[in-house]
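Here is a short briefing to read alongside the model. Have a look at the structure first, then work through the notes by topic.

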Amino acid sequence: MAASAIFANTADEVQPKCARGNRHKVHRMSRPFYHTHPETMSVESEIVNAKPGRVVLAQSPFYPGGGGQLPDKGVIRWSGGEVAVTGFESNGGQTWALLAGQVEPAGSVEAVVDADFRQMMRELHTNTHLLNAFVYQQFDGALVTGVQMNPDGTARMDFDLRDADNDRLRALDGPINDAIRQDLPVGDSYVAMDVAIAEPGLIRTRSVAPPPTPDGKIRIVEIAGLDRQACGGTHLGSTGRSRLVQVRKIDNKGRHNRRVKIGLVGLTPGT
């Protein structure tokens with residue numbers, strides 16, 4: 001689940017640099033770089049538009065946020081120095097990277113994602129899919145009404161659950177952690193919008209669906225043997241790459257909504 005901005009910014013050829021410093025060429029594609037190269041945290045790219053305090057990259061490794069997932073953090077380095085990336089803004093079909101200072105980089109730059117923060121977001125997003133899967137299966141196809149991942153290693157999901165037993169919801173960290181221990185593969189595919197709408201369970205949100213790609217398709221994230229749903233965020237390659245999870249709190253939010261808060265064990269206080 002993500003904003004339309006995530007499908008902006010592709011380039012004919014760039015030089016991504018992986019965590020170990022390996023480089024390879026990537027040719028033009030209609031998918032976001034962070035989907036097709038989720039392990040690549042550094043990319044050499046050109047500035048295609050710039051204003052003081054903001055730039056547009058020909059190819060960006062950054063996830064700009066959306067669907068409850070926070071945007072990536074990182075830096076842009078160039079011959080004139082280094083500046084932190086503080087956010088993203090979509091305007092006129094372009095995604096602008098917002099910079100910490102009123103600098104205006106030009107030419108070739110290196111865009112570097114904060115790998116630890118990205119990892120935490122990938123863990124949280126994968127685990128919200130696990131939570132969503134078990135709520136959907138065990139509570140008569142209950143839909144999501146809201147989701148938010150937080151920088152402290154917690155996340156909350158709101159579900160349309162009128163008469164749910166809160167103790168049953170609290171117990172869901174058991175099957176979630178079982179799925180993590182099983183190290184289930186996580187992958188993605190793309191289907192036409194009409195197919196996604198027609199297939200029950202692919203779109204789990206009450207009021208909004210992920211935006212289509214430029215070729216009119218919807219991205220489907222699948223946890224092998226467990227879950228399949230539309231989503232535009234970043235996820236782990238397998239569930240076993242996540243820390244374990246604890247269900248931390250259940251809140252009643254009105255007549256229909258239950259809010260389930262989870263946290264990564266060992267990262268958040270009290271876990």
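The crossing of α2 and α4 is right-handed (right-handed if the near helix is turned clockwise from the far one by less than a right angle, left-handed if anticlockwise). This is a predicted model, in which local features need pLDDT of at least 70 and side-chain atom pairs count only at pLDDT 80 or more, while totals for chains, interfaces and linings use all residues. Residues are numbered from 1 along each chain as its sequence is written, and side-chain values use heavy atoms, with hydrogens and water left out. Helices (H or I, at least four residues) and strands (E, at least two) are DSSP runs, numbered from the N terminus.

**Helix packing**

- The axes of α2 and α4 come within 10 Å and cross at roughly 125°; axes are lines fitted to C-alpha atoms, for helices over the stretch in contact, and angles run from 0 to 180 degrees between N-to-C directions.
- The two helices α2 and α4 are therefore oblique to each other (under 35 degrees is roughly parallel, over 145 roughly antiparallel, 65 to 115 roughly perpendicular, and the rest oblique).
- On the α2 side the contact (heavy atoms within 4.5 Å) is made by N127, L130, L131 and F134, and on the α4 side by P175, I176, A179 and I180.

**Nonpolar cores**

- The largest nonpolar core has 36 residues, and L131, V135 and L169 have the most contacts inside it; such a core is a set of buried Ala, Val, Leu, Ile, Met, Phe, Trp, Tyr and Cys residues joined through side-chain atoms within 4.5 Å.
- At least two residues of this core come from each of α2 (115-138), β9 (144-149), β10 (154-160), α4 (173-181), β12 (217-223), β14 (245-253) and β15 (257-264).
- Helix α2 gives the largest share of this core, nine residues.
- Leaving aside residues up to four places away in sequence, L131 touches M157, F159, L172, I176, V260 and I262.
- A second, separate core of 15 residues includes V55, F62, V109 and A111.

**Salt bridges**

- The count comes to 17 salt bridges, each being a side-chain nitrogen of Lys or Arg within 4 Å of a carboxyl oxygen of Asp or Glu.
- D215 pairs with R31, the closest N and O atoms being 3.0 Å apart.
- At 39% relative accessibility D215 is partly exposed, whereas R31, at 16%, is buried (buried means under 20% relative accessible area, exposed over 50%, partly exposed in between, with a 1.4 Å probe and protein chains only).
- E39 forms a salt bridge with R122, with the closest N and O atoms 3.0 Å apart.
- E39 sits in the loop between α1 and β3 (42-51) and R122 in helix α2, 83 residues apart.
- E39 is partly exposed at 44%, while R122 is buried at 5%.
- A network of salt bridges links E39, R122 and R241.
- D188 and R219 form a salt bridge too, their closest N and O atoms being 2.9 Å apart.
- D188 belongs to strand β11 (residues 186-192) and R219 to strand β12, 31 residues apart.

**Positive phi values**

- D140, in the loop between α2 and β9, has a positive phi of about 55° although it is not a glycine.
- D140 is exposed, with a relative accessible area of 80%.
- D183, in the loop between α4 and β11, has a positive phi near 55° and is a residue other than glycine.
- D183 counts as partly exposed at 41% relative accessibility.
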